[in-house]
Amino acid sequence: HAKKILDLKEEKASAKSQHESEMNKLSSKLQEVESSHQQEITSVSEAHKAEVSLLKDEVSAAADQHSAAVQDLYEQLRVKDEVHEGEKARLLKEAEREQKAKDGVLASAKELHQTEVGQLERRLVGQEEAFKKELSSAQEELEAAVSAAASETERLEKLRGEEVAAAADRHRAEVEAVKKDAERQHEAEM
């Protein structure tokens with residue numbers, strides 16, 4: 001019976017020793033797993049940090065690039081606006097100059113027209129005066145011609161009256177001569 005107890009004690013001691021050995025192995029394995037897991041977490045965390053840092057750098061670079069592009073666009077717009085304003089000012093000046101030139105041409109054309117109208121009016125007045133003189137002269141000539149014609153008619157009528165009277169006298173003298181001739185012949189025949 002004592003031997004059995006002794007055997008049991010030894011068995012118990014052996015089992016206890018084996019249990020402690022297994023527990024140590026498990027503890028060691030657990031520590032390895034924890035250490036490995038910790039290393040993995042650290043590695044993943046560092047990789048994540050590196051990725052986040054890279055992304056931040058990319059975002060920052062993209063923001064800088066965007067800002068530079070926006071700045072460049074603003075500059076282009078400013079330059080275009082300046083060019084546009086300059087072109088607008090140039091076109092306005094040109095339009096003003098053209099308008100002034102047109103106004104000048106119009107004014108000189110108006111002046112020329114007024115001068116021509118004045119010349120035409122003077123010429124018309126001159127022509128009218130010349131026509132009046134010609135008309136007056138023609139009227140005088142006509143009156144003189146009428147007067148001359150009346151005088152000529154009067155002279156001709158007087159002349160004709162004289163000729164008629166002379167012809168009548170000659171006719172009477174011829175008639176008288178014929179009468180006397182006839183009388184003489186009659187007397188001679190008697």
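Biologist: What radius of gyration does the protein chain have, and what would a compact globule of 190 residues have?
Modeller: This is a predicted model, to begin with. The protein chain has a radius of gyration of 78 Å. A compact globule of 190 residues would be near 16 Å.

Biologist: What does the C-alpha trace span along its principal axes?
Modeller: About 265 × 40 × 15 Å.

Biologist: How many helices and strands does the protein chain have?
Modeller: The count is 1 helix and 0 strands. Helix α1 covers residues 2-189.

Biologist: What share of the residues is buried?
Modeller: Buried residues make up 1% of the 190. The protein chain exposes about 17700 Å². Carbon and sulfur atoms supply 57% of that area.

Biologist: On to charges. How many positive and negative ones are there?
Modeller: There are 30 positive and 44 negative charges. Their mean positions are 9 Å apart.

Biologist: How many salt bridges does a search of the whole structure find?
Modeller: It finds 8. Side chains of opposite charge can pair when their charged atoms come close.

Biologist: Let's take one. How far apart are the closest N and O atoms of Arg90 and Glu94?
Modeller: They are 2.9 Å apart, and the two residues form a salt bridge. Arg90 and Glu94 sit 4 residues apart in helix α1, so about one helical turn separates them.

Biologist: And how exposed are those two, Arg90 and Glu94?
Modeller: Arg90 is partly exposed, because its relative accessibility is 41%. Glu94 has 27%, so Glu94 counts as partly exposed too.

Biologist: Next pair. What is the N to O distance between Arg155 and Glu152?
Modeller: It is 2.6 Å, in a salt bridge between their side chains. These residues are 3 apart in helix α1, which means a separation of about one helical turn. Arg155 is partly exposed at 43% relative accessibility. Glu152 is partly exposed as well, at 34%.

Biologist: Where do Asp181 and Arg184 lie?
Modeller: Both lie in helix α1, 3 residues apart, about one turn of the helix.

Biologist: Is Arg184 exposed or buried?
Modeller: Exposed, with a relative accessible area of 52%. The cut-off for exposed is over 50%, so Arg184 passes it. Asp181 has 42% and is partly exposed.

How values were computed
Residues numbered from 1 in each chain as written. Predicted model: local features only at pLDDT ≥ 70, side-chain atom pairs only at ≥ 80, totals over all residues. Heavy atoms only, no water. Salt bridge = Lys/Arg side-chain N within 4 Å of Asp/Glu carboxyl O. Helix = DSSP H or I, 4+ residues; strand = E, 2+ residues; numbered from the N terminus. Buried < 20%, exposed > 50% of the residue type's maximum accessible area, 1.4 Å probe, protein only. Rg over C-alpha atoms; globule rule 2.2 N^0.38 Å. Areas by Shrake-Rupley, 256 points an atom, 1.4 Å probe, with all protein chains shown as cover. Lys, Arg positive; Asp, Glu negative; His and termini not counted. Charge placed at Lys NZ, Arg CZ, Asp CG, Glu CD.
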